[in-house]
Amino acid sequence: MNFNALIAVFLIGTITSCSVELPEDVALEYDKLPQELDFNVHVKPILSDKCFLCHGPDKAKQQAELRLDLAESAYSELINSPGKKAVVPGKLAKSEMFHRIISHDPEVLMPTPKSNLTLSAHEKAVLIKWIEDGAEYKPHWAFIKPEKRDVPAVSNADWIKNPIDNFIIKRLEQENLQPSSQAEKELLLRRVTFDLTGLPPTVENIKEFLNDESDNAYEKQVDKLLKSPQYGEKMAMDWMDLSRFADTHGYTVDRYRDMSPWRDWVIKAFNENMPYDKFIEWQLAGDLLPNPSKEQILATAFNRIHPQNMEGGIVPEEFRVEYVLDRVNTAGQAFMALTVACAKCHDHKYDPISQKNYYEMSAFFNNVEESGQISWDNAMPVPTMLYTTEEQDEVLEFLKSTAQTKADKLVSIRVSEKENFQDWISNEKYKESVKSKYPKGLIAHFDFENSQLKDRLNPSQKGGMKRVGSSSENPEFGVGKTGQGLLLDGDAWFDSHGVGAFRKSESFSVGLNVKIPENLENGVIFHKSEGAALYCFRGFHLALENNKLQVLMAHTAPGNAIIEYTKQDIPRDQWINLMLTYNGSSKASGLKVYLNGVELETDVKNDNLYKDIHFGRKDEPGIQIGARMRGKGIGGATVDDLMVFDQELTPLEIIQVVDYEKFRDIMSKRHSELAEVESAMLESYFLLNHSKVYKKYLDELEIARMTFSDSVESIQEVMVMEEMPERRKTYLLERGLYDAHGEEVLPNTPESVFQMPEDLPRNRLGFAKWLVHPDHPLTARVTVNRYWQNYFGRGIVRTTEDFGNQGELPTHPELLDWLAVDFMDSGWDVKALQKLIVMSATYRQSSKTSNELRELDGENILLARGPAVRLTAEMIRDNALMTSGLLNTKIGGESVKPYQPTGLWKVNGYNYDQDTGDKLYRRSMYTIWKRSVPHPTLATFDAPGRSECTVRRQKTNTPLQALVLLNDPTYVEASKVMGEKIAKFDSIQEGITETFMKLTGRKPSDKELKILLELQEKQYAEFKHHKGKATGWLTSGEYEPDGKLDADLIAANAVVASAIMNSDATITKR
Amino acid sequence: MCHHHDILRSNSKDLQKIEKQIDRREFLTKTSLGLGAMALGSLLGTEKLFASSGNPVSGMNGIPGLPHFAQRAKRIVYLFQSGGPSQLETFDYKPKLYDLHGQDLPASVRQGQRLTGMSADQTAFPMTSSIYKFRQYGESRAWVSELMPHTAEIVDDLCFIKSMHTEQINHDPAITFFQTGHQLPGRPSIGSWLSYGLGSDNQNLPSFIVLVSKNAGGQPLYSRLWGNGFLPTEHQGVQFRSGKDPVLYLNNPENYEGADRRQMLDYLKKLNEAQFDSYGDPEINARIAQYEMAYRMQTSVPEATDMSDEPDYVYDMYGEDSRDPGTYAANCLLARKLLEKDVKFVQLYHQGWDQHGSLPSGIKSQCNKTDRASAALVKDLKQRGLLEDTLVIWGGEFGRTVYSQGKLTADNYGRDHHPRCFTMWMAGAGVKPGFTYGETDDFSYNIVKDPVHVHDFHATLLHLTGVDHEKLIFKHQGRRYRLTDVHGHVVKDILA
């Protein structure tokens, strides 16, 4: 419909369907609109971008209860304007939307002036025509399952190499454009070699390819590249951005921790061409697979390598929640290209992801026994797996079975000693022990008599009182259980100065008398630790928690710890005796607590202690009473008689400590008078105190346990996922605040994307399986699009990270769907997908183009030419290293510290200890990635900070990049090495030609060669005439050039190499 | 390409001399197209350069339509006092605390809000008055403690905000919040927003420069604080470091001189031009332009950071430390030089204000290191006529608690983080001099009048640079982002 004509008709008085006049600018735009509008292509982007903020999916922000993302709402009567509707299909004048968008009245105009959003004349015209045409709604393209599209028939069939080309050329034909011819062979090889391995081709490769005139010469090269181990490295590099992999924890403290085993696994998985669905499943939920292998568990580190906070004094829950949400955000972004994070504080403004959906997804990732505050002592944040070699596994297995043998032996000795025990009983030998006031094994006794903090047994062992900000507090004494006791104010603690620094393989007992005030519900009674959450509670403690006792023994709480709670409340305002006993087994069953000599029943919350409970320091903290740094104490309590034993006391011995009268009564009985329970207690007592053989094996068991424990201590830990036995409750968090619990939610996926099939488990594994379900509309599309971007510099959907309403539309939707379905049909074959893309004629095109085509399609959306993309940060450096011959091709392992200007880490409080030797020349993907201070050589070329998932890097062009390439020792050194090589050629011309070929993949043109020769000549003359001028070129970096060669010549050649290295021909992949 | 405030510097020594002889700023405003640009144009053929799509030196000119209204502040220097300086020992005078000293903080004051994990579990929360004395100064009769004698001298130029508050209680989220408007990593910093929105007034220097005091110790910093977030990389802050390589990789290989580099770059340019002839890709020309900019920076940066021509009385004003490059005082002086060259945003960081324990000695030493130079910067800008359109900001990420963290003794105590109120000051362009805004209760615990949130601070800062904080927007991942997110009100009452 021609709108001008229509207006003319209207003006002469004929009644038409449209009885309204359009503003001139809108009318002009209206004329330019295509015949048919597509809702998804033309209309929804406008509605989404300009209207959804107030009339979209966010229920809390919906104005006038109007939703323009839903047809039924748009067509309904407006709540504030009875009789009116926002949109009446086909009836412009009756549609309130029309009147609102063209109004000049700020009170009426939509979007409101306050929103700072305005509709352009074109956008108004689109909405107007859409209403006129019937205001049709369609579902969002990305949420419709992709169907395998027919490969379009095209006229230029000769050009076609595979189906990709049909889709591309069909579009070109629509635009009356021709594809470009194939790129020059050298450049094509360079392009594909970088794209598949991240490295340049060698001169030999180039020559081989140039000389190979067979039909499948290119394919042979592609196959070779796909098989090379560097392929896995290249693929892993992108995955590191996506998975936000770094070598440090991030946040302010940002210390190093080694998670490279996971990176090694990613490289391996790509090289072995692991199917992508498995690849995702393992990473999201490998631990939940049946009998998971070590690798399957290792893979789940994907969910743990997010930034973690070590800053002392944070509220741990705040950051624990942050980590959970990071996993959701990353999964949403990485696999579905959905900005789900927008639904953290409110319903998503643009996409049908409600806040509830968001927290339902978070429930999948919330069942991890982790700590928001990670330990200050650099312990790997829990949960972790011991990342053992096979050899270590064998050793550990042996040591474990040795310990088990000793434990079994003790059980059998208990039986074989039965007879001796009976003799001992019947001879009433036990009566001999009646006079001993204390059990054996007492190693310290602080009785606080005479207003002293000394150990009664060893008076030179002096305790002290401390508190935050003071290491010599004056103790206050009051009435104790017997004599004097120590008064506690809740902030100052008694420090035994090193007593009781036990290890997890040692048995011990610690007890005291304490009177706790009635109103106190929480507070630490005694502990052996340093701070509280700051060190993730390493050590052990007995604490009052919600009136019950918490018994804890930890390497790194809560994941690597034993945590128990007594079932009963603890009496207050009276003297009680509390005794903790432990048998060195590292098991909850071996850790007991007694109240007044009676063992308390406990609920075991965690029973997973697998590394030691001490710090291994010279000034190892010992037992402390009553308070702790950064933890709650027991203000108002009085304590007395701290006793420490170096063995696990038996029940009878505990009675001996707690209630000597009772002990004396038992020990004085005739053996016939002994109750059954008393005999049982006596048996344990006998074995521990009177059976030499039992004691011998007990000691042996302890040694075996210690050997095992020591062997575990040095084993590398990696962070992995481990499901808590009992699901943690998950809540919707109001306004996204960690402590503002809304309704409880259960694990679920957003129904608008794709309803989770009933048969999938409601856990991470189910979530992973949902992602790779053949009916999932997003995962395959998002994946092929991301890979497409790697080759063409731009995705089929440009917004690789956003397939939602605010994302861009696919430029070739049929191709995207075809690739997605083909990818799934292939069994998610990643290598096959890469091969398909690089084998296409589309990819192989020359990137040279005419000015006309450049004018027409500056961004190369239509792909009538090949891609031209600046090398990534890693490629730029790796290219310099490889072409100079410096590159160390070792794959995997810990990250390294290549050249970096001194002092950069100072701002973060650390020193950068630069590596030497061949570690300086590892591929850039192994350069240490410190989140708070990125390596400048890489960061300057747009390598991301990796604090969050990144699927599309920026591509900038800045003066700082020029400075890096000109002056960074990495590049100056590489130039020097190349300069030396040139000097060894018979002719400089040959040397320069070879260098140019290595760096750029092609021969220099005559013109280029002339330029470079001239430069060489001038610089050489300059260096010759001004001694010392070449110094910098010869001394940058560790490499020492051959002293027999003319140093000035090397330097002049180095300048030439540097010029090539800085040129577009090197920096850009064309 | 139109440079309103083009102050491109000449590479020629003679011209530099002339520039120095006449009033530099006048000279620069009068040359509508700077010499550097002329040089660049002649190198490339201006037509060729300007015909390429987009701006060859992208991001230099800001976005169209900005500023939204008249700029009061053409430049900003932000003296960030990292760690959270105590308001109680500096500017927020609380005489009633002398009587309450040692008593437990009443629950009615604390109102149950969260504390950090460092002191939340304390049993006692003894209120602690300042060990340092306060006096009133100037015509404005502003209270300043004895720790800040130099700042005390300039109170009539300062606009104090006593009622700052934030939600963040720990360093990382609080600093990140102050610098980027959001507590989690990933958003652009203030300087990046300004560079993106307003571009640069000096094509030879970055528009956003960062200076960090050397060896200050204290809580760590991290470069994402001056990161560009999702804005294009060229808007990230460029750290100028003390020492011979003020910008990373600025120096040529040893002994390789400017003229040598020039020669090499001329040939490099020829190589790139040959490539351009084959491919016609405008990115190639853009890269040539970046190399020229890099080359200019090799001259302009050492010149900008060269302190050798500063007279003794200037060093005396900033204090002896200012002769030692990299100190806070030297950085303040350097900041003045950069501002003179119309660098839009100079961000200083000085760490070490995190006095959980031994606050009296800790804060004294911090004040000794910073007070004189902060005040000198304001004075110096004023005497050069720059204070009119330069905004100076002083402040940290939060304040400190009225109660002592750890032991309170006669001469020692500590204070924990306190986000509910703290003091900042601003001076210069567009803010009321000799003015105090906002009020806290007798405990400096809660705000009783005119609260100013971090978002409000950002809104006001942008307003002073002529930017409507609701209109400086960047679309990223489908969402429109602002420095102030969806919050913030301009604090109109402090505007002159």
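Trainee: What is the mean pLDDT of chain A, and how should I read it?

Mentor: Start with the confidence, as this is a predicted model. The mean pLDDT of chain A is 94, and 98% of its residues reach 70 or more. One stretch needs care: over residues 1–18 of chain A the pLDDT is below 50. In the model this stretch still has 21 contacts beyond near neighbours in sequence. Where pLDDT is low, predicted coordinates should not be read in detail.

Trainee: How many residues of chain A are in contact with chain B?

Mentor: Count the residues on each side, then look at the area. Here 103 residues of chain A are in contact with 85 residues of chain B. About 7,800 Å² is buried between the two chains, and carbon and sulfur atoms give 53% of that area.

Trainee: Which element gives the largest share of the side of chain A that touches chain B?

Mentor: That is helix α34 of chain A, residues 1006–1025, which contributes 10 residues. Sorted by class, the side of chain A that touches chain B holds 36 nonpolar, 35 polar and 32 charged residues.

Trainee: Now a single residue. Where does A:Tyr535 lie, and is A:Tyr535 buried or exposed?

Mentor: Find the element, then check the accessible area. A:Tyr535 is in the loop between β11 (523–528) and β12 (539–545) of chain A. Its relative accessible area is 12%, under the 20% cut-off, so A:Tyr535 is buried.

Trainee: Which residues does A:Tyr535 touch?

Mentor: Setting aside residues up to four places away in sequence, A:Tyr535 touches A:Ser375, A:Trp376, A:Asp377, A:Glu530 and A:Phe615. Also compare sequence with space: A:Gln373 is 162 residues from A:Tyr535 along the chain, yet their C-alpha atoms are separated by 8.6 Å.

Trainee: Why does A:Ser585 count as buried?

Mentor: Apply the cut-off again. A:Ser585 has 18% relative accessibility, which is under 20%, so this residue counts as buried. A:Ser585 lies in the loop between β15 (575–582) and β16 (591–595) of chain A. Apart from neighbours within four places in sequence, A:Ser585 is in contact with A:Lys504, A:Gly590 and A:Arg705.

Technical notes. Residues are numbered from 1 along each chain as its sequence is written. Chains are lettered from A and ligands numbered from 1 in the order in which they are written. This is a predicted model: local features need pLDDT of at least 70, side-chain atom pairs count only at pLDDT 80 or more; totals for chains, interfaces and linings use all residues. Side-chain values use heavy atoms; hydrogens and water are left out. pLDDT is the predictor's confidence in each residue, from 0 to 100. Contact means heavy atoms within 4.5 Å. Buried area is the accessible area (1.4 Å probe) that two parts lose on being put together, summed over both. Helices (H or I, at least four residues) and strands (E, at least two) are DSSP runs, numbered from the N terminus. Ala, Val, Leu, Ile, Met, Phe, Trp, Tyr, Cys and Pro count as nonpolar, Asp, Glu, Lys and Arg as charged, and the others, Gly among them, as polar. Buried means under 20% relative accessible area, exposed over 50%, partly exposed in between (1.4 Å probe, protein chains only).
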